[in-house]
Amino acid sequence: MRTAFWRGEIATAAVLVLSYVGGVVGYLLDAPILIVVSALLLAAAMLYLIRMLYRLQERTGDLDEQALRMQEAVAVVRLLENELRHQGLHDSLTGLPNRTLLDDRLEHALRGSVRASGAVAVLVCDLDGFKNVNDSLGHRAGDGLLAVVAKRICSVVRTGDTVARMGGDEFTIVMADVVDPQVALNVAQRVLSAVRRPIHIGDDPIAASVSVGLTLGDAGKSAETLLSEADAAMYAAKSRGKDCVVSFQEPMRTAIVRRMNLRNSFDESLHGSEFYLQYQPHMSLIDGRLEGFEALVRWRHPEHGDIEPNEFIPLAEETGFIIPLGRWILETACLAGAAWRRPAGGGLTMSVNVSARQLQNVHFVDDLQAALSYSGLPPAELILEATESLLMVDAPDTTRTMERMKDLGVRIAIDDFGTGYSSLGYLRQFPVDLIKIDKSFVDPLDEPSPDAGALVSAILRLAQQLHMDTIAEGIETERQLQALVRLGYTSGQGNYLCRPLNQDAAAALVRQHFSQPPPVRT
Ligand code: C2E
Ligand code: MG
Ligand code: MG
């Protein structure tokens, strides 16, 4: 293409020269034909030149357009790069900085604190009961709540402070150059009040609250240390009843290490037979007859000693260790239940607690079936206890799992009834056989107040209408027992009736109970 162009130029130049020479010679020799031919040649060369110029102009236009397009493409790539960088550093739901950006800002603030006169404050804010909202109202409502909370937190911090979403329901605030610690505390208090204001998601008003952990430090501390301190303070706020702020104190560091230690020692714990089950009787409140047991898991840690399930079950759920642990609990409890059938002559029930993570596991029903056939426990004598919030999960998988459980013939109980997120619709949706009334409803029965029993009574009527059995949990006194009997309750569990027993003591109780007539309550 390029050669052809040059060839054309050389030819035109030659024609020009020829026509010029021809014209001059024609003029000198007075030869009009030569002059005419030269003039024609000259005209042809000129036309050709004009065409070439025109084309050249066209090409320059094309090049300009190409350059323009190139510039546009570069701008798009830049935009995309910026967008990707933004996405990499921000949370897509709330638009807030994410953990990576927060780490960066925190490092920056700590470096700056060498020159600044104030310290760096870190506040970890964790929504209370967020899982219940997600489970009962669905993930969209949960997302909506997070977005509103994010806005409210941002509205109470100073410009220049960083608010980040660390994932899940946790937000972190970093404040640089804090001269007076009270300023950070005030921000924490403002966060509490801002989140407490009712939040409307669709038609549902949600009463949210947040627990805040606060710590202060300077360049002498790493970003990681400050974050783990604020985290430990947040855990302390949760255990002090939630919806409050707690400042980090040195002894809390032990809690961080302990949680990490427990998480790390799960894997070895099952092989080392550190777990064992205790069995707490379910008894008739009318005549003291033994009706069954609830299996309660215990952990005797080689280093930390006895650890309560309320401490390690959430950790086991977080790490997924609840799956093998839950399988072992189910097998062990079924075996114990089957062993006590002979002295009891059958008919005792064995209740086993199951957590959300277990029910969501695709192999759960297979494990259940295996435990039943391996132990020989009739399915009708096994009760699986699930908490309310677990049943309120709007997940088709959970419904299917429940139906398969029912097909096997096992019974389903709602544990800690009355402590979940209070939608009773799920009672119809799931094949529930039994309601365990939470201890918090039984506690007030100890007081002489006449309306202490109103709620417990209403729950009983509801259960009766739905043809469900009831068990009152956490009975600690004779007065509570008598009040429950007066209200119409027939079954109960609690330390007043019998504390959880180890396997041998439970077996002895079964033998003793069925070798002599049960005591009759008056
Ligand atoms: P839960 O299923 O509601 O179990 C009843 C809890 O109340 C037990 O605590 C029991 O020891 C305690 N309790 C019984 N009677 C009384 C009483 O009169 N007064 C008081 N104050 N407490 C009483 P525990 O064994 O510490 O278990 C706590 C929770 O840990 C259980 O509550 C259950 O949610 C969970 N858990 C226990 N074992 C297992 C298990 O094998 N698997 C799963 N997933 N969770 C378990
Ligand atoms: Mg239970
Ligand atoms: Mg319970």
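**Salt bridges up close**

Author: Start with one residue, Asp366. With a relative accessible area of 39%, Asp366 is partly exposed. The model is predicted. Asp366 forms a salt bridge with Arg404. Their closest N and O atoms are 3.6 Å apart. Asp366 belongs to helix 13 (residues 364-375) and Arg404 to helix 15 (residues 396-408), so the pair ties together parts 38 residues apart in sequence. Arg404 is partly exposed too, its relative accessible area being 38%.

Stay with helix 15. Lys406 lies there. Its salt-bridge partner is Asp433, with the closest N and O atoms 2.9 Å apart. Asp433 sits in the loop between helix 16 (426-429) and strand 14 (434-437). This pair links distant parts of the chain, 27 residues apart. Lys406 has 26% relative accessibility and counts as partly exposed. Asp433 has 18% and counts as buried, because the cut-off for buried is under 20%.

Now turn to another pair. Arg258 forms a salt bridge with Glu311. Here the closest N and O atoms are 2.8 Å apart. Arg258 is in helix 8 (residues 252-271) and Glu311 in helix 9 (residues 309-319), so this bridge ties together parts 53 residues apart in sequence. Arg258, at 24% relative accessibility, is partly exposed. Glu311, at 29%, is partly exposed.

Some bridges share partners. Lys221, Glu229, Glu250 and Arg253 are joined this way into one network. The structure holds 22 salt bridges.

Technical notes. Residues are numbered from 1 along each chain as its sequence is written. Chains are lettered from A and ligands numbered from 1 in the order in which they are written. This is a predicted model: local features need pLDDT of at least 70, side-chain atom pairs count only at pLDDT 80 or more; totals for chains, interfaces and linings use all residues. Side-chain values use heavy atoms; hydrogens and water are left out. A salt bridge is a side-chain nitrogen of Lys or Arg within 4 Å of a carboxyl oxygen of Asp or Glu. Helices (H or I, at least four residues) and strands (E, at least two) are DSSP runs, numbered from the N terminus. Buried means under 20% relative accessible area, exposed over 50%, partly exposed in between (1.4 Å probe, protein chains only).
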